[in-house]
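The sequence and the coordinates are shown below.

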Amino acid sequence: MGAQTWDPQQYRQNAGFVAFYGASVLDLLGDVSGQRILDLGCGDGVLTASLVEKGASVLGVDSSPEMIGDAIARGLEASVMDATAVSFDEEFDAVFSNAVLHWIRDHEAVLAGVHQALKPGGRFIGEFGGHGNIAAVRTALLAGIAFQGIDIKDRYYHNFPTDSAFRSRLESNGFTVDSIEIIHRQTPLPEGVRGWYVTFAKAPLAGLSETQVEAAISYAEDLLRPSLCDGSGVWSADYVRLRFVAHRS
Ligand code: BEZ
């Protein structure tokens, strides 16, 4: 399976909505003035910068050197780090994570690192894709790949747990869950589903020729148009979010 890679300019153009929706997750942190916060999977740092503006001292970490380059260029404290290899010792009042955990297979490793990074009682607040997320968008692209006779087995990986599965995982890793919910949120896509695929579907399209990529995306667009594109040509995606507020027990 190919890996997802990130192009900050493409991300800015096609994925501004991620930070837009993430702002309401960030609000769950409340007053952060004077707090030390870890932004886990900070990307280009748009939300990290909001936390700094609210008076927090924030470290942003992300596995993408390109995205961290953008965050540093914004003047943020940021470094390249894999979310499964976070190694801090009781340094943070809160860990915040938006639209990241669905990329990661090993949630156990993430939760162990976050737990150790938090001061006792520190909060872990975040949102990512929950069970059923992008079911149509993902299936249509796989259909567009399979239609060309290309094997789709193991081509697309995401970790979209149910709320009860993620609650158990949090609890077995030493967290108390204050709230956890699944939110169905049809999400407008400014650059259509094509822009979404170009930005977020690098892994499943890895190894295909330009012609095959174009054929897969066109096929998916045709399948999805009746249900995800409205009468005025505005596309949306079938997002399902898993939003949680927890603290270190
Ligand atoms: C999401 O934000 O839900 C998401 C984005 C890209 C790929 C998979 C899920």
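## Strand pairing

Strands E6 and E7 (residues 235–248) run antiparallel and are joined by 14 bridges. Within this pairing, threonine 176 stands opposite histidine 247 in E7. The model under discussion is a predicted one.

## The sheet as a whole

An open sheet is formed by seven strands, with mixed pairing and the order E3-E2-E1-E4-E5-E7-E6. Strand E3 (77–80) and strand E6 (175–189) each have a single partner strand and stand at the edges, so one side of each is left without a neighbour in the sheet. From one strand to the next, the twist averages 15°.

## A helix on the sheet

Helix H5 (residues 107–117) packs on the sheet. The strands touched by H5 are E1 (36–40), E4 (92–98), E5 (118–129), E6 and E7. The direction of H5 makes about 145° with that of E5.

## The H8 and H9 pair

Helix H8 (residues 192–200) and helix H9 (residues 210–228) have axes that come within 10 Å and cross at roughly 140°. The two helices are therefore oblique to each other, and their crossing is right-handed.

On the H8 side, the contact involves Val193, Arg194, Tyr197 and Val198. These residues meet Glu214, Ile217, Ser218, Ala220, Glu221 and Leu224 in H9. Classified by residue type, the contact of H8 with H9 comprises six nonpolar, one polar and three charged residues.

Note on methods: Residues are numbered from 1 along each chain as its sequence is written. This is a predicted model: local features need pLDDT of at least 70, side-chain atom pairs count only at pLDDT 80 or more; totals for chains, interfaces and linings use all residues. Side-chain values use heavy atoms; hydrogens and water are left out. Axes are lines fitted to C-alpha atoms, for helices over the stretch in contact, and angles run from 0 to 180 degrees between N-to-C directions. Helices (H or I, at least four residues) and strands (E, at least two) are DSSP runs, numbered from the N terminus. Angles under 35 degrees count as roughly parallel, over 145 as roughly antiparallel, 65 to 115 as roughly perpendicular and the rest as oblique. A crossing is left-handed if the near helix is turned anticlockwise from the far one by less than a right angle, and right-handed if clockwise. Contact means heavy atoms within 4.5 Å. Ala, Val, Leu, Ile, Met, Phe, Trp, Tyr, Cys and Pro count as nonpolar, Asp, Glu, Lys and Arg as charged, and the others, Gly among them, as polar. Two strands pair if DSSP finds at least two bridges between them.
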